[in-house]
Amino acid sequence: MPKAKKSANPINLNEPQYYLNRELSWLEFNNRVLHEACDPRTPLLERLKFLAIFSSNLDEFFMVRVAALKQQVEAKVSLLTPDGRTPQQQLDEIWSTLVPQVAKQHQHFDRVLQPLLANQGIHILDYINLSQKQRTYLDNYYEEQIFPVLTPLAVDPSHPFPYISNLSLNLAVVVKNPDTEEEFFARVKVPKVLPRFLPLPPELGIQENEQPAHWTGVPLEQAIAHNLESLFPGMNIQEYHPFRITRNADLALEEDEADDLLLAIEQELRKRRIGGSPVRLEIQSQTPEPVRARLLQDLDLTESDVYEVDGLLGLRDLMYFMALPLPELKDPPRQSVVPSRLQRLREPSDELDEGNDFFAVIREKDLLVHHPYQSFSSTVVRFITHAAHDPNVLAIKMTLYRTSGDSPIVNALIAAAENGKQVSVLVELKARFDEENNIYWARRLERVGVHVVYGLVGLKTHCKTVMVVRREKDCMRRYVHIGTGNYNQKTARLYTDLGLFSCREELGADITDLFNFLTGYSRQKAYREVLVAPVNMRDRFLALIHREIENVKNGFSGRIVAKMNSLVDPQIIATLYEASRTGVQIDLIVRGICCLRPGLKDISENIRIISIIGRFLEHSRIFYFHNNGQEEIYIGSADWMRRNLDRRVEVITPVKDQDIAKDLQEILGILLADNRQAWDLQPDGSYIQRRPGDDCPEANSQQTLINMALRSTSISSNLIDSKKSSFYTDK
């Protein structure tokens, strides 16, 4: 049994050297995404997908995080981050970190992936390398399909520099009047309404073994560039250079001053479509200085805002190739399974057999579901659909943060309202980059009589909860679902998330109080079981960590295992440092941003942190506390970040069922044992990828959980407490 460490010299755990920078930690996360694109063990088209995700992630990072830092610099904000950096220092380090990362991305695409794609019959050609027949086809296609959409914009004293929309790809064109020898500057936008990559017909594609390749084509901007004469008749085309800009896209919303939140967000969305001030300029490295200087001047940017690339701009568009019907170049097909307890159920209908429905399964005992290994449609969607058609259901209450464009859940809620049930839905209009979609669903729900509310002023409602009120023979019973992920059947196929179904009275009473807090004027300060931010969650988590500290001080074991997306909150980090110094053993699975430095002498020697990057986005949140053998485990929607604990409505629920608690411990154990997709965080903020040893087989956590679900194997052993595990308390 570990002994509590004697208190060393007093240390100020809030000093900057004990914290990693949030923005640089995020760049480390995105670098791990890039590694998946460079890893030869990743299937070829999946490698293209990860390149696209790397680029898409960067776009959002600039639109939100870099934009905010630039605003702070302009406002002369002098407040330091917990790690002691000014806004300008962060911008400088972001640039110096990103330049080699972006160079690595483009070099890998050009030098490694393109040749591999060609070997597999996927040829992304340069226009200049096309045959005459191929050029003729594309020139005709340009004339019929592309030319009518284009609008060349001149730039001169009578034509001011045009507005360049956010994330648009453009051509900077220099033309010369042959009569006067005068040069002019113009801009041509590459239209987003057309596909970024133009395929050639099979008969004009590259032939392999007398058979056409899988795909042959060129980037759209090259087809435009080689037909610029049609846009500037009578002028000589001197040169053209692709460029792309990124603008501030965060909403500037004054909620306190908005009489109608929905209307206010709609107005802000119109501004976002135009975009805020530019924050990044992407150009090709061979762009000549006069063109470069002209763009910087007209966009009001500096050299530190420029990112040069060799090759194609906007590699997020490589996601296009994931639509190719080439399963041999993708991850193996994955089949989500239906939990065994639900397999006996019939399809929902207006005439439900009492005792053979979803509610009967939950009455037997709580039910845990694990997506995407277990089907979202056959669990969460089915639960809400059952409720919509069950004549004994009186009310459905739900939170919606992000949902899909064609949502079966929203359709079920509409059906419930049409069936005369009381339906209340909190639609979070402030879900970043999903605001427009949520406005659409909110209006549609309102039209059928659903009571729609938009959350609380100053707080995003990020919790994932559903409550169904049902009249039964002996009582009115409340059935609840509390999840870690969004009610979105599309992302449920890609994100790992957990959900708990229960009809326990205490939990139902808590969720009732929560919805009253969200929809009315309730000032609920206490809950029976759940942790709710910003009400009691921070204090409760701190208390759980301090309890482990006290147990170690009293000579008992102390153990914490937690899985989350991000760990940023300084108070939580300082308390974890205190726990480590006392002797509490701590393992953290943090997919993305992590500001805690593990392995620091006399500070965090008992803290180990891994990040898992793979086929699925690790999105579930699980929190385990040993509690001197009286183990407690929680799941829910919140990360350990200031925004989650203080500025969002979040829900974390304790798991009371012992079988489910063991299942969750097993999941944590499988993740901690991963040596294929796991990365160990080092004290300096860098990550080292784990590799199977010579005498150790590969342990791919996500594949292990897939296989377990396919076998319908019940999870029983407890890896956290097993002495056979390398993560045992006496580590």
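This is a predicted model: local features need pLDDT of at least 70, side-chain atom pairs count only at pLDDT 80 or more; totals for chains, interfaces and linings use all residues.

Student: OK. Which side chain does the side chain of T484 make a polar contact with?
Tutor: With that of D497, at 2.5 Å.

Student: Where is T484 placed?
Tutor: In the loop between strand 18 (476-483) and strand 19 (495-502).

Student: Is T484 buried or exposed?
Tutor: Buried. Its relative accessibility is 0%, and the cut-off for buried is under 20%, so T484 counts as buried.

Student: What does T484 touch, leaving out residues up to four places away in sequence?
Tutor: K464, D497, L498, H619, S620, R621, I635, G636 and S637.

Student: How many bridges join strand 1 to strand 8?
Tutor: Three, and the two strands run parallel. Strand 8 covers residues 215-219. I124 has G217 in strand 8 as its bridge partner.

Student: Now rings. How many aromatic pairs are there?
Tutor: The count comes to 23 aromatic pairs. One of them is F359 with F383, edge-to-face, at 6.0 Å centre to centre and 65 degrees between the planes.

Student: Where do F359 and F383 sit in the chain?
Tutor: F359 is in helix 8 (residues 358-364) and F383 is in helix 9 (residues 377-389). They are 24 residues apart, so the pair links distant parts of the chain. Both F359 and F383 are buried.

Student: And what about F625 and Y634?
Tutor: They form an edge-to-face pair too, at 6.3 Å centre to centre with 80 degrees between the planes.

Student: Why do F625 and Y634 count as buried?
Tutor: F625 counts as buried because its relative accessibility is 1%. Y634 is buried because its relative accessible area is 3%.

Student: Which residues form an aromatic cluster?
Tutor: W26, F29, F61, F62 and Y307 form one. R280 lies over the face of F62, at 4.4 Å from the ring centre.

Student: Which ring does R247 lie over?
Tutor: The ring of Y163, at 4.0 Å from the ring centre.

How values were computed: Residues are numbered from 1 along each chain as its sequence is written. Side-chain values use heavy atoms; hydrogens and water are left out. Helices (H or I, at least four residues) and strands (E, at least two) are DSSP runs, numbered from the N terminus. Buried means under 20% relative accessible area, exposed over 50%, partly exposed in between (1.4 Å probe, protein chains only). A polar contact is a pair of N or O atoms within 3.5 Å; within protein, one must be able to donate a hydrogen and the other to accept it, and residues adjacent in sequence count only if both atoms are side-chain atoms. Contact means heavy atoms within 4.5 Å. Two strands pair if DSSP finds at least two bridges between them. Rings of Phe, Tyr and Trp (its six-membered ring) pair if their centres lie within 6.5 Å; planes under 30 degrees apart count as stacked, over 60 as edge-to-face and the rest as tilted. A charge sits over a ring if NZ of Lys or CZ of Arg is within 6 Å of the ring centre and within 35 degrees of the ring normal.
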